Amino acid sequence: MDKSDLINRAKEHFGRLLEEQFARIEKMKSQRDFIDYQDLGTIVIGFVGGDGIGPYITAEAKRVLKFLLEDDLMSGKVQFKDIEGLTIENRAKCRQAIPDDILAELKKCHVILKGPTTTPQAGDQWPNIESANVAMRKELDLFVNVRPVKIPEEGIDWVFFRENTEGAYAVGNKGVRVNDDLAVDFTVTTYEGSYRIIKAAFDYAQKSGMNKVTVVNKANVIKTTDGMFLNVAREIARDYPDVEWDDWYIDIMTAKLVDPKRRKQFKVMVLPNLYGDILTDEAAEFQGGVGTAGSANIGKRYAMFEAIHGSAPRMVKEGRAKYADPSSMIRAAGMLLEHIGYKEKAEKIQMALDICGHYEKQLVITGRDTGATGREFADYLMETISDEKLAERWAAFSNK
Ligand code: IPM
Ligand code: MG
């Protein structure tokens with residue numbers, strides 16, 4: 001093909017991407033308010049095991065939820081729904097990030113607890129299907145990704161608001177390989193998409209009393225898209241005179257998170273998708289690794305809760321899946337409970353996780369047979385949750 005044909009083909013492709021984005025903007029504009037769980041007769045919680053260690057750790061998180069929600073499961077206020085088949089083998093067979101029948105099942109739920117799913121990457125054995133995570137965030141329009149990181153003894157109390165549907169991820173699998181010499185990817189920022197995530201961050205900062213938002217960007221170089229993100233932040237900040245705010249470039253922000261003196265100043269952070277992906281892994285590392293962090297993906301109609309780590313297929317291959325640490329999934333289950341209105345039960349999970357995984361550590365998970373199994377750990381956790389003195393026990397440790 002000569003150059004002008006290549007350029008025309010790329011232009012057509014780009015035109016189709018813009019059409020898709022215009023349609024998405026219209027959809028965003030037509031959205032109403034966030035769902036109110038108190039208005040629902042029954043709240044349906046979906047469980048998706050995923051693949052690799054996913055089904056193992058999801059099963060443990062489900063046991064903990066069943067234990068805590070026993071009464072409401074009996075009365076029908078809450079209903080559990082298992083959703084099978086979101087495995088890499090099945091997705092590869094259907095050549096879909098989320099096969100249609102599974103998507104239909106997901107849409108019957110209000111909230112979803114999802115185990116990790118293997119993401120194909122260029123050059124591996126799997127077809128070039130999009131990540132199931134990314135697809136679910138887009139399909140269910142889960143635009144707010146909340147990722148908290150807390151280390152009380154170091155004064156760290158961070159809540160990341162990662163934009164979850166746009167940026168480098170919006171058309172991440174729709175770049176153009178123009179020819180052997182040239183490949184182009186696209187990053188997408190919309191006014192509407194920036195507005196809704198930044199507003200969610202300011203709302204949270206205000207409601208939680210944290211009253212401080214840091215807007216992360218790279219608008220000095222990525223001028224058009226990050227520039228729009230930053231401008232929208234300036235506009236929204238005017239509506240929140242009580243919330244202090246500042247803006248930081250992603251590079252220096254990444255450095256300052258490592259600085260023990262400076263990092264305490266950060267509270268709520270709002271970031272475009274890719275920066276949020278990277279910075280939240282770094283932040284989770286301070287707390288004990290990505291295995292300890294949970295993540296909430298929230299939209300106006302649906303919400304999905306997950307671990308932030310991958311599916312660790314190697315652990316399954318080596319027969320170690322039952323030793324996988326379910327903490328992150330259980331933390332995600334706690335976030336799910338809080339989201340649908342069970343604040344006290346959610347606090348119990350958080351306290352028990354701190355005690356069992358961080359302070360008391362009567363059982364230790366090593367990921368192999370030198371440590372406890374995920375099931376044993378979940379039992380230890382439920383025992384701790386049942387302790388009438390749970391709050392005192394937790395306070396004794398965390399005030400140390
Ligand atoms: C995450 C993960 C995903 C992402 C991957 C698995 C596609 O890293 O949830 O942070 O990049 O968003
Ligand atoms: Mg990530």
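**Exercise 1. Trace the polar contacts of ligand 1.**

Start with Arg 137: an N or O atom in its side chain is 2.7 Å from an oxygen atom of ligand 1. Next comes Tyr 169, with a side-chain N or O atom 2.6 Å from an oxygen atom of the ligand. Then take Asp 277, where a polar side-chain atom lies 2.8 Å from a ligand oxygen. The protein covers 78% of the 320 Å² of accessible area that ligand 1 has on its own. A polar contact is a pair of N or O atoms within 3.5 Å; within protein, one must be able to donate a hydrogen and the other to accept it, and residues adjacent in sequence count only if both atoms are side-chain atoms. Accessible areas come from the Shrake-Rupley method with a 1.4 Å probe; for residues, only the protein chains shown count as cover.

This is a predicted model: local features need pLDDT of at least 70, side-chain atom pairs count only at pLDDT 80 or more, and totals for chains, interfaces and linings use all residues. Residues are numbered from 1 along each chain as its sequence is written, chains are lettered from A and ligands numbered from 1 in the order in which they are written, and side-chain values use heavy atoms, with hydrogens and water left out.

**Exercise 2. Decide whether Thr 190 is buried or exposed.**

Locate Thr 190 in the loop between β7 (182–184) and α7 (191–208). Thr 190 counts as buried because its relative accessibility is 4%. The cut-offs are under 20% for buried, over 50% for exposed, and partly exposed in between (1.4 Å probe, protein chains only). Its side chain reaches the backbone nitrogen of Gly 193 at 2.8 Å. Beyond four places in sequence, Thr 190 touches Arg 24, Ile 25, Met 28, Glu 166 and Met 228. Such contact means heavy atoms within 4.5 Å.

**Exercise 3. Describe the surroundings of Val 364.**

Val 364 counts as partly exposed because its relative accessibility is 45%. Leaving aside neighbours within four places, Val 364 is in contact with Gly 371 and Ala 372.

Definitions and conventions: Helix = DSSP H or I, 4+ residues; strand = E, 2+ residues; numbered from the N terminus.
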